[in-house]
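Hi everyone, thanks for letting me take a few minutes today. Please have a look at the structure on the screen, and then I'll walk you through it.

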Amino acid sequence: MIVTIDGVAASGKSSVSSGVARALGVPYVSSGLLYRAATLLAHEAGLSPHDPALVPHLEAQPLRFEPLAGGNRLWLGTRELTADVQSAAVDAGVSAVAARPELRAWVDRRLRALTPPFVAEGRDMGTAVFPHAQAKFYLTASARVRAGRRAAERPEAVDEIEAALILRDERDRAQSVPAPEAHVIDTGPLSLQGVIDTILAALPQGAAPARTS
Ligand SMILES: Nc1ncnc2c1ncn2[C@@H]1O[C@H](COP(=O)(O)OP(=O)(O)O)[C@@H](O)[C@H]1O
Ligand SMILES: Nc1ccn([C@H]2C[C@H](O)[C@@H](COP(=O)(O)OP(=O)(O)O)O2)c(=O)n1
């Protein structure tokens, strides 16, 4: 079974996906980490997102992606990239990388090589990558709410974060449309656990473990 959880930046995709994946006893896959890795490696190699050498460069790298229920980890050989790709600098450059069809194909090939069951989170998991997923969700929240959540994790001021989120939402708009059959959840009024419970309750019969509480 594949569950897709898409949504805008800082809507809670990774945290919610991790909680749903733990409850189901399956891994979760953060597709955004691959776009972030491509952005960081392109920058470090001095390659522009438009450079035709970028995908061959990425294919030649010892990039390893660990989709664990507790959190995804990203390695370049023995160097862990997981934290390095969560920065304002990568945020500022990732949309240009993600706009390149050849980069999207590179990410999609890696995702489709994974063996179900898993939870997949990103922007287009339920539309382009796994259109036949058994359950699809799309998370939203106001830019202000999302900025407040992200501010707890980043050194930048909340106003700066909000402006950057709004800009990135616009840059990512093309690939960020919910699937028609996706359950759209406004996470603003809900706690993190509340969103996780809402998703578990909406899964097909038998997908979620029997509730003990
Ligand atoms: N419903 C929620 N209520 C409060 N905080 C949340 C909620 N969902 C996510 N968070 C917190 O907001 C921050 C951003 O969530 P994250 O999962 O990284 O979002 P995304 O993967 O969509 O960028 C994290 O610190 C997370 O714990
Ligand atoms: N399936 C995806 C996942 C991410 N992207 C792009 C759009 C985002 O700006 C970047 C980073 O995605 P990521 O999910 O890590 O971003 P947030 O955690 O929501 O801030 O990659 C995409 O185009 N398609």
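**Two ligands and their surroundings**

Let's begin with the shell around ligand 1, whose residues divide into five nonpolar, six polar and four charged. Here Ala, Val, Leu, Ile, Met, Phe, Trp, Tyr, Cys and Pro count as nonpolar, Asp, Glu, Lys and Arg as charged, and the others, Gly among them, as polar. Before I go on: this is a predicted model, where local features need pLDDT of at least 70, side-chain atom pairs count only at pLDDT 80 or more, and totals for chains, interfaces and linings use all residues. Residues are numbered from 1 along each chain as its sequence is written, chains are lettered from A and ligands numbered from 1 in the order in which they are written, and side-chain values use heavy atoms, with hydrogens and water left out.

Which residues are the closest to ligand 1? Among the 15 that surround it, they are K13, S14, S15, R150 and L190; a residue is near if one of its heavy atoms lies within 4 Å. Now the polar contacts, meaning pairs of N or O atoms within 3.5 Å. A polar side-chain atom of E153 is 3.1 Å from an oxygen atom of ligand 1, and one of R149 is 3.4 Å from a nitrogen atom of ligand 1. On its own, ligand 1 has 560 Å² of accessible area, and the protein covers 79% of that (Shrake-Rupley method, 1.4 Å probe). α1 gives the most to this shell, with three residues; helices are DSSP runs of H or I with at least four residues, and strands are runs of E with at least two, numbered from the N terminus.

On to ligand 2. It has 19 residues around it, and K13, R36, R104, R168 and D172 come nearest. The side chain of Q175 has an N or O atom 2.8 Å from an oxygen atom of ligand 2, while for R123 that distance is 3.1 Å. How much of ligand 2 does the protein cover? The answer is 97% of the 510 Å² of accessible area that ligand 2 has on its own. In its shell, α2 supplies the largest share, four residues, and the residues divide into six nonpolar, five polar and eight charged.

Finally, let's zoom out. The chain has nine helices and eight strands. Its C-alpha atoms fill a box of roughly 50 × 40 × 35 Å along the principal axes.

Terms used. Polar contact = N/O pair within 3.5 Å; in protein donor to acceptor, adjacent residues only side chain to side chain.
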